[in-house]
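Dear colleague,

Please look through it with the coordinates open beside you.

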Amino acid sequence: MDTTIKNSNLKSEEYFINMGPQHPATHGVLRLLLTIDGEIIKKVEPDLGYIHRSIEKMCERDSYQQIVHLTDRMDYLSSHINNEAVCLTVENALQLEIPDRVKVIRTIIGELTRIASHTLWWGVMGMDVGALTTYFYGFRDREMINDIFEETCGARLTMNYNIPGGLMFDIHPNFVKRTKEFIAHFKTKLPEYDTLLTGNVIFQKRMKGVGMLTKEDAISFGASGPVGRGSGYSCDVRKHHPYSALDKVTFNEVLKTEGDSFARYQVRIEEMWESMSIIEQLIDNIPEGDVQVATNAVIKLPKGEFYQKVETARGELGVYINSTGTKNPYRLKFRSPGFSNLSLLNHIAVGGKIGDLVASMATLDLVIPDIDR
Amino acid sequence: MTNEALQNLISSWIPELEFTEEGSQFLNISVKPEQLHQLLSQLKSNAETSLDYLFCLTGMDYEKSLGVIYHLESTTHRHIVVVKVQTEDRENPTFDSVCDIWRTAEFHEREVFDFFGIKFNNHPNLKRLFLTDEWEGFPLRKDYVDEINMVIK
């Protein structure tokens, strides 16, 4: 407490304010109940459910082909990877042998999705701490990936390309050329991100030493993705449980041990370099072959339980399917990365200022429909 | 550790556990509600199992009973174990909370409470997470009926 206040009759007392559900820094309809003492945060309690659609209940009613299309409405910035997660679960349950061509294309598309998501995150991250230019830089580069996806699957946001058994159709004739053009373009543009924002003194002061998360807490809170790796916790599903063609490529798992907002920021920036390297390794070597394995029009999974985890741009997405042998899952659960990452927000924000909460929350890279499934 | 070695080790702690790998890619352990907390806390603290990462906590409605499934992974040994618990009490289903073992459970258990009505003893803040406090019933239960909001085919 400030001494001038201590020596006067003025008292400070705790009170609570609402942040959201329509707050620009919450990036969606997330409501936070903040208990604050002046500018110091005492407690952050998220209030969820403003866009909950009960996707898990809808899945119990739908066929496996239909379920795939619900998942890109969860984390809409990782839609291809979400689709892939459900497809992999179904394919593993049916023990389908997926052609190498499909695996390689899925991996390339997945890494393009990751870059698209991280560029958008970088844009809004800068905006959250008052740097408006980043938003235009991020969207400029993301636009090229969106164009590739539009040509590939016809959509720019809730994209569907994966189906149980492979891909809906083959890649567009321009796909390889445009992806290479993008990589060449982005290699000259990604260093601009560093000169524009990373090295900025004001930005670094907002980020360094703020929103501290230790490795033990990261594991205990179930953190995953760049949030976990910023605390030195090796949690990359692509490394530990490789899927599709990820076992055929070499890449580094980016780890930072500082555990602050700046570390999480750096992990995402470096991950974009790694994603580009993965795409470069695969783009000239897409094997020839089919893009689909024939499945029955009505897919029935065998009786049992199936689990698949994948690494989305936000972290570990898990799909748990409990099947009784019918055409619908008996129970389907999505373990979404954002849900666990949100649960540690109170932990890293308490004791800090409201402005720091906004900056820390931006480095968690929350997508609210992923939390409100 | 292999699943067999894990099974031998864990069964030496609590004799009544049921192990199965049928219909699942992981080692599944069924435990009685009264032994749940003891088992899970030992699975985390024991250096050989060291299951420190609770990556998924799922509520289940088996129609006759209600249950919870814990998916656990060790970040040092990288083995995975699934623990299941069930109760036939549909009026007042209650299990011990594992928030003191894994802090991620706080949100996950609130989600299960919200959608399945399963209560957790010693949970620091057990209240609805997604739905409003006035909401009646538990939507992910199989016998839940909502004629207005649900489209049934």
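**The sheet of chain B**

B:Tyr70 stands opposite B:Val83, a residue of β5(B). Before going further, please note that this is a predicted model, in which local features need pLDDT of at least 70 and side-chain atom pairs count only at pLDDT 80 or more, whereas totals for chains, interfaces and linings use all residues. Residues are numbered from 1 along each chain as its sequence is written, and chains are lettered from A and ligands numbered from 1 in the order in which they are written.

Helices (H or I, at least four residues) and strands (E, at least two) are DSSP runs, numbered from the N terminus, and two strands are said to pair if DSSP finds at least two bridges between them. In general, the strands of a sheet pair through backbone hydrogen bonds, either parallel or antiparallel.

β4(B) and β5(B), the latter covering residues 80-87, are joined by eight bridges in the antiparallel sense. Helix α2 of chain B (residues 33-45) packs on the sheet, where it touches β2 (27-31), β4 and β5 of chain B, and its direction makes about 165° with that of β5(B). Here axes are lines fitted to C-alpha atoms, for helices over the stretch in contact, and angles run from 0 to 180 degrees between N-to-C directions; two residues are in contact if their C-beta atoms, placed from the backbone, lie within 7 Å. α3(B) also packs on the sheet, touching β3 and β4 of chain B, and its direction makes about 10° with that of β3(B).

The sheet as a whole is open and has five strands in the order β1-β2-β5-β4-β3 (chain B), with mixed pairing. Its edge strands, each pairing on one side only, are β1 (18-20) and β3 of chain B, and the twist averages 20° from one strand to the next.

**Helix α3 of chain B**

This helix covers residues 105-116, and its twelve residues reach 15 Å from the first C-alpha to the last, close to the 16 Å expected at 1.5 Å a residue (the expected span being 1.5 Å times one less than the number of residues). Twelve of the twelve residues of α3(B) are buried, so the helix is largely enclosed by the rest of the structure. A residue counts as buried if 20 or more other C-beta atoms lie within 10 Å of its own, as exposed if 12 or fewer do, and as partly exposed in between, with C-beta atoms placed from the backbone. Just after the helix, B:Gly117 takes a positive phi of about 70°.

**Where the chains meet**

The contact between the chains takes 26 residues from chain A and 24 residues from chain B. On the side of chain A that touches chain B, the elements that give two or more residues are α2 (55-59), α9 (215-220), β6, β7 (316-323), β8 (331-335) and α13 of chain A. The residues on that side divide into six nonpolar, ten polar and ten charged, where Ala, Val, Leu, Ile, Met, Phe, Trp, Tyr, Cys and Pro count as nonpolar, Asp, Glu, Lys and Arg as charged, and the others, Gly among them, as polar.

**Chain A**

Chain A has 16 helices and eight strands, and buried residues make up 50% of its 373 residues.

Three strands of chain A form an open sheet in the order β1-β2-β3, with antiparallel pairing. Five bridges join β1(A) to β2(A), which covers residues 31-37, and A:Ile17 stands opposite A:Leu34 in β2(A).

A:Glu311 is found in strand β6 (residues 304-311) of chain A and counts as buried, because 26 C-beta neighbours lie inside 10 Å. A:Glu311 touches A:Asp236, A:Val237, A:Arg238 and A:Glu316, not counting residues up to four places away in sequence.

With kind regards
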